[in-house]
Amino acid sequence: MAEPSGAGDSIPLECPGLDTAAGEEFLQEVFQILLEEGVRKSTDVTQKVCDWKEPQELRDLLDLELRSDGEGRERLLQRCRDVLRFSVRTGHPRFFNQLFSGLDHHALAGRFLTETLNTSPYTYEVAPVLVLMEEQVLAKLRELVGWSSGDGIFAPGGSMSNMLAMNVARFRRFPESRSRGNWDLPRLGLFASQESHYSILKGAALLGIGTDNVHLVRTDERGKMIPEELEKEIQRVKAEGSEPLFVCATSGTTVLGAFDPLDAIADVCARHGLWLHVDAAWGGSALLSPQLRHLLAGIHRADSVTWNPHKLLMVGLQCSAFLLRDSSGLLQRCHGVGASYLFQRDKFYDVSLDTGDKSPQCGRRADGLKLWILWKAVGTRGLAQRVERAFGASRYLLEQVKRREGFQLVMEPEFINLCFWFIPPSLRGQENCPQFWDKLGKVAPAIKEKMIRRGSMMVGYQPQGSHVNFFRQIITNPAVTRRDLDFFLDEIQELGWDL
């Protein structure tokens, strides 16, 4: 029989195909660049938050084309510097643009470890340390929710955690949906507040339930779901012939930072036998603080919870926990398929530690490691202090906003989200004029453009309901000082003064 031939015949296999010595030398230099450019400068208040370039200019500067031949070490090192230079410095004390910010050195070390290990925590055999860490971290998070047992998995972001909740809720009510799909199910009804995260709509589309079957419940003036309105919506949906299934309450809405009244919502869910999910992606970390955990009173009554430590705890993107009160193996039964090349039942160890089949993913990042390292470094008290410092900083800024002419609150904040307008001198005293609100709605975008082009800071803005564009200021970075907060208001005033 002839020997097989092919493209690999002429490739020498006597020696490794990688130059490990050169690779380690390159890594050492990259680590120095990361430390100097990615850590020190990115957290240095004297540096710009961003070095803004228009898209085509940035394409030209980065030389993004991928070619047939590779480049030399010095050129690659410069490319690493360019990536850091032209990216937004989210660890900067004056980056207030998202619900995440800051840089924690211990969590960053955990991220380096995760990347170096390059494994997936689906089985104990390939990720023994990481599987046990994930088990411990999830148990601790469940304990803070108020559950003595349960289940859970880390997911790639809060949106996916919310979608897992929807899928598990459907499976528990209709286990046949796993094999038969939605074909012979009744029309399902999902409920969330008008201020809920858009992932509920996306999840309904992805799961084949349909966005028309997501019923957005009215909120009060502070953005909280009104339980009586939830009851009315459920009754209406039933009368129309649909079957209510799932309620998503929110603990910390994205814009206003509102916390839905969980106990009252849980009462409604109990009356109708509905799955209660709490999206605490943003506000869940308040559970760590004895002073703030009352915001989530009643969360222990939920069937499932989403919690994103990468936000307020500054663990680093991404770190999202999907927590389940059920301890019967519901998560495994919902998602597991028992792939024989991964989840063999005749392994020599306890195969209950092969937790990967609980997730719809196969390959999965070990997002629990960086949280475990951070928790070990600062302890539960240290994490609580981080949350309380952010809350205290927002209260300082609130008092300054109230004192300064031209700054107007959208509403008193319940949490860390501080929402306000800046009214330029040209618009002051014109609140009763027909064009006032239209003109005011153009102020925040104009100031945002100026600050980004200057590189001085970043903060988000948006319209909300009947409110025209306003700023939403978020403080999660413990490196932020009173001086940074004073600068923040001074900068908005300066950039908006002549509008």
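Tutor: Strand 1 and strand 11 run parallel and are joined by 2 bridges. The model is a predicted one, in which local features need pLDDT of at least 70 and side-chain atom pairs count only at pLDDT 80 or more, while totals for chains, interfaces and linings use all residues. Residues are numbered from 1 along each chain as its sequence is written, and side-chain values use heavy atoms, with hydrogens and water left out.

Student: Why are strand 1 and strand 9 said to stand at the edges?

Tutor: The open sheet has 5 strands in the order 1-11-12-10-9, with mixed pairing. Strand 1 (95-96) and strand 9 (407-409) each have a single partner strand, so one side of each is left without a neighbour in the sheet.

Student: Why is Q462 called buried?

Tutor: Q462 lies in strand 11 (residues 458-464). Buried means under 20% relative accessible area, exposed means over 50%, and partly exposed is what falls in between (1.4 Å probe, protein chains only); Q462 has 13% relative accessibility, and therefore counts as buried. Leaving aside neighbours within four places in sequence, Q462 is in contact (heavy atoms within 4.5 Å) with V255, V468, N469, F470, F471 and R472.

Student: What makes helix 6 oblique to helix 8?

Tutor: Helix 6 (residues 158-173) and helix 8 (residues 199-206) pack at an angle of about 55°, with their axes 9 Å apart. Angles under 35 degrees count as roughly parallel, over 145 as roughly antiparallel, 65 to 115 as roughly perpendicular and the rest as oblique, and that angle therefore makes helix 6 oblique to helix 8. The contact is made by S159, N162, M163 and M166 of helix 6 and by S199, I200, K202, G203, A204 and L206 of helix 8.

Methods
Axes are lines fitted to C-alpha atoms, for helices over the stretch in contact, and angles run from 0 to 180 degrees between N-to-C directions. Helices (H or I, at least four residues) and strands (E, at least two) are DSSP runs, numbered from the N terminus. Two strands pair if DSSP finds at least two bridges between them.
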